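Biologist: Can you walk me through this one? I'd like helices, sheets and charged pairs, in that order.

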Amino acid sequence: MAGEPKLSHTAAMILQAVNAGTIYGFSVMETTGLPSGTVYPAMRRLERDDLIHGHWEAQSIADAEQRPPRKYYKLTRLGKATLEASRKRYPLLAKLIPSEAGEPVA
Amino acid sequence: MKLLPILPFALCNRAMLRAAAALVPRSQREEWHKEWQSELWHVRDSCCTRHTEWQSEKEVAAFCFGAFQDAFHLHQHARENLPKTRSLSRAFYSGSALHSLALLAFLAAAAFAVSNLLPGTRLALQPSPYRDPEHLLVISSPHSTQSAVPTIHADQFRIWAQRRQHLFSSFAFYQPQVKPVTLSTHPSAELTIARASSNLFDLLGIHIPLDPIAQGEMPALVITREALAQYFSEDRNITGQIVRIGLRKAKVVAVIPAPRWTLPGHMDAWLLEPDQQAAAIPDNARGFLVARLNPLDKNHLTDQWDMSAPTPSGAAADFTCASLTLPSSTPRSIFLFTFFLSLLALPATTSLPLGEYPANHHKPYGRGHLLRWIFLTAKFALILPILYFGSLDLAYLNPSIDPVTSQYIQIVTGFCTSLFALRWMLRDQRQRCPVCLGKLTNPARVGQPSRNFLGWNGTELICIGGHGLLHVPEIQTSWFSTQRWLYLDPSWDVLFSEPHLAPLT
């Protein structure tokens with residue numbers, strides 16, 4: 001698609017990680033091995049470009065598990081299309097972070 | 001495994017997040033902080049189950065440091081998206097044209113303010129304190145090179161004052177002396193006193209309330225406010241008191257501010273003799289002669305001229321008459337003279353061409369060219385008051401310096417500062433982007449002098465707005481004699497971190 005933004009390898013890795021089911025910041029850090037100072041700003045940019053969408057989980061779920069609520073991220077339609085284009089650009093992306101790890105959580 | 005108390009580390013991590021949150025725009029701050037706090041809880045939970053205490057605390061701290069990068073990223077993004085209404089503050093970055101003009105305007109205002117605060121400068125800028133100063137002149141011997149040296153004998157004054165005059169309406173005489181002045185309630189003090197004919201202040205147009213009864217008995221003393229404060233403890237009841245000046249007695253009749261005296265000699269007081277002829281002054285005493293011209297005769301006279309007049313011996317002698325409003329001695333005339341001199345000297349200190357700025361279809365040229373000249377003119381207009389008031393401030397900084405010395409100081413400082421300022425103005429203009437008028441940065445050496453025949457060598461400067469490059473040759477050649485500007489086309493814009501520096505055109 002002509003309108004898809006071209007992503008850097010780091011951004012593509014994070015997008016792939018979110019698609020693979022690592023759906024919050026710290027898990028993206030663990031999956032990609034990138035530091036927090038890289039992951040969170042990159043996720044802000046992806047969210048600003050409408051490639052991912054963040055939402056807070058319900059307070060009741062967090063209370064039941066005795067932890068604070070988390071902000072989860074999932075790919076948007078544009079994000080999925082961009083990830084497809086990025087996979088062609090970076091063929092090793094799928095091997096680095098396999099999608100089989102899980103499906104995005106709604 | 002060594003166990004560490006967790007609370008101080010946890011508090012430290014929270015403080016780091018709170019500090020980073022200060023960088024985040026207010027509208028996003030709460031949610032940002034909430035997300036990072038939540039993530040921190042999970043990071044700590046995860047790390048503490050896997051590592052030793054020190055290792056886990058290190059990881060948690062590294063995680064928290066990332067919050068600063070995230071916050072800084074949001075901060076930068078918010079700045080780049082400032083609304084256009086704030087474009088003025090964007091154009092006000094250090095090195096911009098507006099910033100330079102504001103700085104110059106501030107300096108001009110500061111120099112003006114200082115000139116109003118310094119008593120010497122204030123006096124120099126004020127009009128003459130005397131009535132009809134264009135009709136007043138000081139007569140001196142033409143052989144004297146210094147105007148502050150008394151040259152006229154008292155008997156010369158008396159002869160002229162008694163003769164019927166066509167050119168002059170009246171004369172006054174004063175002789176500077178240093179005399180001990182004793183007041184009954186204060187210790188004796190050495191003052192510089194002008195022993196003068198009684199009409200001195202009348203001739204100058206300064207109103208002094210003289211007591212007619214006292215005037216017939218003894219000389220009247222007029223003292224400056226400054227001398228009163230310095231030697232007589234600012235005694236407010238001094239007027240009307242009898243003082244002893246050497247062996248003579250005098251009555252204090254008035255206290256006046258010292259700046260009202262602009263004639264030759266720095267005086268602490270004036271001793272007005274009871275008669276207009278000042279008969280008590282010895283014939284051979286040298287002093288200054290002040291004369292008032294007949295109003296009708298002023299029109300055909302210049303500000304300084306020579307005349308021949310009879311002396312007490314009967315022979316004629318030459319005298320120089322200098323107006324009290326001599327144009328060549330006014331601060332403005334001195335400044336204009338020194339500024340003109342510095343303009344003449346400028347080509348010897350720097351090259352005058354402003355460089356080659358070719359027309360370019362990528363960037364607007366005509367209006368930018370006009371703006372460059374407007375900027376240069378504005379700088380010139382702001383520099384003038386800085387130089388004028390600045391040179392005056394330096395010349396009249398010390399009020400005890402006599403006016404002639406102050407004028408010499410003004411000539412030297414006026415010339416030096418004007419030359420420096422004009423040189424700076426041209427050099428600054430040459431190192432500015434012709435599109436945004438911002439200061440060019442990042443000078444880089446290009447080429448080698450030994451290969452000057454094959455290629456140019458010199459300095460290359462760049463506009464941080466990405467508008468172009470300036471090539472300044474190290475050695476002037478027939479094919480590269482002056483600096484050249486190279487416009488960059490819009491395809492280079494992605495490389496520059498200051499895209500907000502829009503052209504001024």
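Modeller: Here is a short tour of helices, strands and salt bridges. This is a predicted model, where local features need pLDDT of at least 70, side-chain atom pairs count only at pLDDT 80 or more, and totals for chains, interfaces and linings use all residues. Residues are numbered from 1 along each chain as its sequence is written, chains are lettered from A and ligands numbered from 1 in the order in which they are written, and side-chain values use heavy atoms, with hydrogens and water left out.

Biologist: Start with α5 of chain A. How far apart are its end C-alpha atoms?

Modeller: They are 19 Å apart. The helix covers residues 77-89, and its 13 residues should span 18 Å at 1.5 Å a residue, so the two values agree. The expected span is 1.5 Å times one less than the number of residues. Helices here are DSSP runs of H or I with at least four residues, and strands are E runs of at least two, numbered from the N terminus.

Biologist: Which residues in α5(A) are buried?

Modeller: A:Gly79, A:Ala81, A:Thr82, A:Leu83 and A:Ser86. Buried means under 20% relative accessible area, exposed over 50%, and partly exposed in between, with a 1.4 Å probe and protein chains only. In chain A, the buried residues of α5 pack against α1 (9-19), β2 (71-75) and α6 (93-96). Contact there means heavy atoms within 4.5 Å.

Biologist: Now α11 of chain B. Where is the kink?

Modeller: At B:Leu343, shortly before the proline B:Pro347. The kink is about 30°. That bend is the angle between axes fitted to the seven residues ending there and the seven starting there. End to end, α11(B) (residues 331-349) reaches 26 Å, close to the 27 Å expected for its 19 residues. Its buried residues include B:Phe335, B:Phe339 and B:Leu346.

Biologist: On to strands. How many bridges join β10(B) to β11(B)?

Modeller: Seven, and the strands run antiparallel. Two strands pair if DSSP finds at least two bridges between them. β10(B) and β11(B) make a hairpin with five residues between them. In the turn, B:Gly314 has a positive phi of about 100°. B:Pro310 faces B:Ala316 in β11(B). Strand β1(B) also pairs with β11(B), antiparallel over four bridges.

Biologist: And the four-stranded sheet, what's its order?

Modeller: β12-β13-β14-β15 in chain B, open, with antiparallel pairing. β12 (441-446) and β15 (484-487) of chain B each have a single partner strand, so one side of each has no neighbour in the sheet.

Biologist: Is B:Asp70 buried or exposed?

Modeller: Buried, at 0% relative accessibility. A:Arg44 is buried as well, at 10%.

Biologist: What about B:Lys379, what does its side chain meet?

Modeller: B:Asp428, in a salt bridge of 2.7 Å, N to O. The pair links distant parts of the chain, with B:Lys379 in α12(B) and B:Asp428 in α13(B), 49 residues apart. Both B:Lys379 and B:Asp428 are buried. They are also linked with B:Arg432 and B:Lys439 in a network of salt bridges.

Conventions:
Salt bridge = Lys/Arg side-chain N within 4 Å of Asp/Glu carboxyl O.
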